[in-house]
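Open the model in your viewer and keep the selection panel at hand. We will go stop by stop.

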Amino acid sequence: MTLPAMGDPAGPILELRGIRKQYGRLAAVDDVSLELRHGEFLTFLGPSGSGKTTTLMLVAGLQQPDSGRIILAGKPVDRLPPYKRDIGMVFQHYALFPHMTVRRNVAFPLEMRGTPRAEAERLVSAALAMVGLPDHGDRLPRQLSGGQQQRVALARAMVYRPALLLMDEPLGALDKALREGLQLEIKRLHREQRMSVLYVTHDQAEALTMSDRIAVFDEGRIQQIGTPSELYERPATRFVASFVGETNFIPGTVLGRDGDACRIAVAGVPMLASDRFSAQPGTRVTLAIRPERLRLSAAGEGVPAELVDLIYLGNARRYVLRLPDGTEWSALLQAGMADAATLRHGDAVRLTWEAAHATAFPG
Amino acid sequence: MEAGPVNGRRGAGPWLLLLPAALVMLIAFALPVGMLLARAFTHPEPGLQNFILLWERPVYLHVLVNTVMIAAAATPVTLILAYPVAHAMAHGSPRTRRLLTFLVLIPFWTSLLVRSFATVILLQRRGPLNTLLVNIGVIDAPLPLIYNLTGVLLGAVQTLLPFVIFPLYSSMRRIDPTLMPAALTMGASPVRAFLRVYLPLSLPGLMTGATLVFISMLGYFVIPALLGGPRQTMVGQLIQDQVGQLGSWGVAGALSFVLLAVTAGLLGLLHRLVGLKAVAR
Ligand SMILES: Nc1ncnc2c1ncn2[C@@H]1O[C@H](COP(=O)(O)OP(=O)(O)OP(=O)(O)O)[C@@H](O)[C@H]1O
Ligand SMILES: [Mg+2]
C-alpha cells in the first residue's frame with residue numbers, strides 16, 4: 001500500500017457507471033451512476049431499503065456488483081478486494097475492536113500498511129488529537145461513550161488518509177444533541193483534511209446541513225443528484241419534493257402555457273407554475289409548493305381559503321388553511337410579516353405564489 | 001435471570017431456588033466422590049500404601065501419562081473441527097443456524113454405548129469404510145482404523161464435538177459481525193483480519209471448549225475400551241477394573257485422587273498461560 005494516487009485533481013475521485021446489484025429478484029441498486037469530485041462531501045439520502053448501504057458496500061468492495069464499473073482515483077477497482085482499495089469506512093455501530101485499546105485501534109490500519117512504528121505512533125497521536133481525544137488512548141472502547149467511540153472510529157478511518165472516506169449513518173446510534181455536535185465536527189474535519197466523503201443518512205436535515213451535494217435514493221435508483229438548494233428549490237420528482245423538506249401537494253388541471261410558465265387551474269382559479277415537462281392542456285397535475293413560499297392576503301387575487309389554525313413557533317408562524325374542496329395546506333411565515341399577523345381563526349384569505357416556486361408534476 | 005424480592009427478603013428467594021440442585025449435587029456427587037477419595041487413605045487400612053503401590057508399579061504411571069496424552073491430542077482436533085461449524089451457526093442465516101443446531105444435536109438421540117458399537121462396526125478391518133476406500137481405489141489394503149489411537153480419537157472427537165460447538169457458538173454470537181468487514185476496509189487481508197480480530201475475540205469460547213474436552217476426555221473409559229487397543233488404556237478403565245473386577249476400592253480411590261490432582265494442575269497451568277479471564281468472561 002502506498003499513498004493515494006492523486007490522479008487528476010480536477011477529475012473525479014470516484015466514478016460509478018451503471019452499477020447494479022440484485023438480491024434474488026430485488027434490485028437493491030439499480031443502474032446507479034455518479035461522480036464524486038476531489039474533496040467533495042456527497043450524501044446518499046433516502047428511505048429505509050432504498051439501496052444506500054448496498055451502494056456504499058459496492059464502493060468498499062464488501063459486495064460485488066452484478067454489472068457496472070467502479071473507478072477510484074482513475075483506476076478501475078471492480079476486481080479488487082476491499083483491503084486493496086484505498087478507502088476508509090465508518091460504521092453506524094462504530095465497529096471498534098473491543099479487545100484493543102483506543103491507540104491500538106487507530107494504529108491498526110497503519111500496522112496493516114507496514115507504517116514504521118515511530119511514524120505510526122506520531123500519526124495515531126495526531127489523529128486522536130484531531131478528534132478531541134488526545135488523552136483517551138489507553139482506554140478500551142467499552143470505557144468510552146457512544147460519541148467518543150464514534151470519534152475514535154473517525155480517527156481510525158482517517159489516520160491513513162485514504163483516497164475516499166465512506167460513512168454509513170455514523171450518527172444513527174447517537175442522541176439528537178450529540179448528533180448535531182458531531183455533524184459540525186465531521187464537517188470541520190472534512191474541510192480541514194480535504195477528504196472526499198461519501199456519507200449515508202436517512203435524516204434529510206442532516207443531509208442538508210452537511211453536504212456539498214446530495215443523491216436522493218428511492219427503490220435502488222438515484223432520483224436526483226444536486227446541491228441542497230437545487231434539491232430543495234427545484235425537486236426533479238414528486239418523491240424528492242416530498243422527501244426533502246416539507247411540501248404542499250396540490251392537485252390542478254393544465255389550462256395552457258404562459259411564456260416559460262404553465263397556466264394551471266387550482267380550485268377553479270387560474271394560477272402559474274413551472275414545469276419540467278411540456279404539459280398539454282387538460283392534463284391533471286400535482287403542484288409542489290413549500291409552505292414558506294405561500295403568500296397570504298386578506299383580499300385580492302388568488303385561491304380562496306379559510307384559516308383554520310394558527311400555530312406560533314417563535315421565529316415563525318404556521319397557518320393551516322382549508323380550501324373549499326376540503327384539502328388542507330400549510331403556510332409558514334417569518335415573524336414580523338405585518339400583513340399576515342392580523343389574521344384570525346376563521347378568516348377568509350387568498351393564497352398566491354410565484355410561478356418559479358410552484359413545480360408541476362404529472363399525475 | 002432477575003428475580004424480584006420475595007416476601008420482602010431481598011435476595012434470599014433466588015438462593016433458596018438453588019437448594020434442590022445443590023442437594024442433588026451433594027448427595028449424588030460430592031459425597032460419593034469424597035468417600036471414594038477418602039478410601040484411598042483408609043482402604044483396606046489407614047495409610048499411604050495405595051499411593052505407594054501406584055508409584056511402584058510402572059503400569060499406573062504409564063497409563064496416567066497415556067491418558068493425558070490422548071486427552072491432549074483430542075482437544076485441538078475437536079476444536080479445529082468445531083470452529084467452522086460454530087462460525088457458520090453464529091454468523092449464518094437463521095435457516096443455517098436451525099439446520100446446524102439440529103444436526104449437532106442428533107448424536108444425543110442415541111446412547112454413547114450404541115454409538116460406540118456403531119463406530120466399531122464402521123471402522124473395523126472389513127467394515128464399510130475400509131471396503132469403500134479399497135473399492136474406489138483410494139487405498140490398496142484396509143487401514144487400521146480401530147483398536148489404536150485413531151479409533152479412540154475418532155470415537156472421542158465425535159462425542160465431544162457438540163460440547164465444543166455450543167460454547168464456541170455462544171462466544172462467537174457476541175462478536176460484532178461488522179468487525180471483519182471493518183478490518184478489511186482498513187487494509188487487512190482476510191487471514192490477518194482473522195488472526196488479529198476474530199480469533200482473539202473467540203478465545204473465551206475456545207478456552208471453555210478446550211477445558212470441557214480435556215476434562216471429559218481424561219475420565220473416558222467406554223470409548224478407549226471399545227475403540228482402543230491395550231496401548232490406549234486410560235485411567236478410567238483402570239479405576240473401573242479395580243472396582244468392578246478386583247474390588248480394591250483403595251487403589252481405585254488413589255487413582256481417582258491422582259486423576260483429579262492432574263486435572264486440576266493442568267487446568268491451572270492452562271489458565272495461567274491463556275488467562276482465566278478469557279474463560280470467565
Ligand atoms: N445481503 C442481503 N441479502 C438480501 N437482501 C438484501 C441484502 N442486503 C440488502 N438487501 C436488500 O436490499 C435493499 C437495499 O438495502 P440497503 O441496506 O442498501 O438499504 P438502505 O438504503 O441502506 O436502508 P437503511 O436506511 O434501512 O439502512 C433492501 O430491500 C434490503 O432488504
Ligand atoms: Mg443502510
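Start in chain B. Select Phe41(B), Phe51(B) and Phe257(B): together they make one aromatic cluster. Before going further, note the ground rules. This is a predicted model, in which local features need pLDDT of at least 70 and side-chain atom pairs count only at pLDDT 80 or more, while totals for chains, interfaces and linings use all residues. Residues are numbered from 1 along each chain as its sequence is written, chains are lettered from A and ligands numbered from 1 in the order in which they are written, and side-chain values use heavy atoms, with hydrogens and water left out.

**Aromatic pairs**

Rings of Phe, Tyr and Trp (its six-membered ring) pair if their centres lie within 6.5 Å; planes under 30 degrees apart are stacked, over 60 edge-to-face, and the rest tilted. That rule gives 12 aromatic pairs over all chains. Select Trp329(A) and Trp353(A). Their ring centres are 6.0 Å apart and their planes stand at 55°, so this pair is tilted. Trp329(A) belongs to strand E18 (residues 328–334) of chain A, and Trp353(A) to the loop between strands E19 (348–352) and E20 (358–362), so the pair ties together parts 24 residues apart in sequence. Helices (H or I, at least four residues) and strands (E, at least two) are DSSP runs, numbered from the N terminus. Both Trp329(A) and Trp353(A) are buried. Buried means under 20% relative accessible area, exposed over 50%, and partly exposed in between (1.4 Å probe, protein chains only).

Now return to Phe41(B) and Phe257(B). With ring centres 5.4 Å apart and planes at 90°, the pair is edge-to-face. Phe41(B) sits in helix H1 (residues 12–42) of chain B and Phe257(B) in helix H12 (residues 249–274) of chain B, so parts 216 residues apart in sequence are tied together. Phe41(B) has 30% relative accessibility and counts as partly exposed. Phe257(B), at 33%, also counts as partly exposed.

**Charges over rings**

Here the cut-off is NZ of Lys or CZ of Arg within 6 Å of the ring centre and within 35 degrees of the ring normal. Select Arg290(A): it lies over the face of Tyr232(A), 4.0 Å from the ring centre. Then select Arg238(A), which lies over the face of Phe249(A), at 5.0 Å from the ring centre.

**The core**

A nonpolar core is a set of buried Ala, Val, Leu, Ile, Met, Phe, Trp, Tyr and Cys residues joined through side-chain atoms within 4.5 Å. The largest has 132 residues; Phe44(A) and Met217(B) are among those with the most contacts inside it. Its largest share, 13 residues, comes from helix H3 (residues 58–91) of chain B.

Which residues does Thr55(A) contact, leaving aside neighbours within four places in sequence? They are Leu16(A), Val29(A), Val32(A), Phe44(A) and Phe217(A), where contact means heavy atoms within 4.5 Å. Thr55(A) lies in helix H1 (residues 52–60) of chain A. At 1% relative accessibility, Thr55(A) counts as buried.

**Between the chains**

Show chains A and B together. They bury about 1,800 Å² between them, 68% of it on carbon and sulfur atoms; buried area is the accessible area (1.4 Å probe) that two parts lose on being put together, summed over both. The contact takes 22 residues from chain A and 18 residues from chain B.

Last stop: select Glu111(A) and Arg196(B). Their side chains meet in a salt bridge (2.1 Å, N to O). The term needs a side-chain nitrogen of Lys or Arg within 4 Å of a carboxyl oxygen of Asp or Glu.
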